[in-house]
Each structure stands twice: as C-alpha cells, then as structure tokens.
Amino acid sequence: INPTSHTTVLEGSNDLVNWTTLVSHTGTTGAVAFMSDGTPRPVRWLRVRCSALSLGSAPDILAVAVASA
C-alpha cells in the first residue's frame, strides 16, 4: 500500500483516557518504523494513530504495532 502521504503517531497511556505522543513520523510511503530515543517513558498501553492521511490510489492502510519488554 503506498499512500500519497501520512502522519503516524505512536502514543502511550496509563489510564486509556489521557494519551501522550511518544513518537511521530511523517512520510510518503506505507512503511513506518518507530525507534526509541532512549528516554524512558513508562506507559501501560500503546496505540498507533494515523493523524493525517492522503491515500491517493491506495484503497486502504494497515497499521500494526509490535512491542517487547
């Protein structure tokens, strides 16, 4: 899938109500890799959110999050 452009945000929460942006990525391909900057950010839950998207000729987008302790 090759969207025209996208902004993808990795967010963390401790209560599922208040979310904090941990990393943001803007790109023009369908590939996103989030890398830690080494700053500890203890959170209980993570979510990937697409905050801006222009699909162009792509019919959809798929976001997958994988984490390890």
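L16 is partly exposed, with a relative accessible area of 47%; here, partly exposed lies between buried, under 20% relative accessible area, and exposed, over 50% (1.4 Å probe, protein chains only). The model is a predicted one, in which local features need pLDDT of at least 70 and side-chain atom pairs count only at pLDDT 80 or more, while totals for chains, interfaces and linings use all residues. Residues are numbered from 1 along each chain as its sequence is written, and side-chain values use heavy atoms, with hydrogens and water left out.

L16 sits between β1 (5–13) and β2 (20–27), the strands being DSSP runs (E, at least two residues) numbered from the N terminus. Although L16 is not a glycine, its phi is positive, at about 65 degrees. The two strands form a hairpin with six residues between them.

Next comes β1 and its partners. Seven bridges join β1 to β2, and nine bridges link β1 with β3. H6 illustrates both pairings: G27 stands opposite H6 in β2, and L53 is the bridge partner of H6 in β3. Eight of the nine residues of β1 are buried, so this strand is largely enclosed by the rest of the structure.

Key: Helix = DSSP H or I, 4+ residues; strand = E, 2+ residues; numbered from the N terminus. Pairing = 2+ DSSP bridges.
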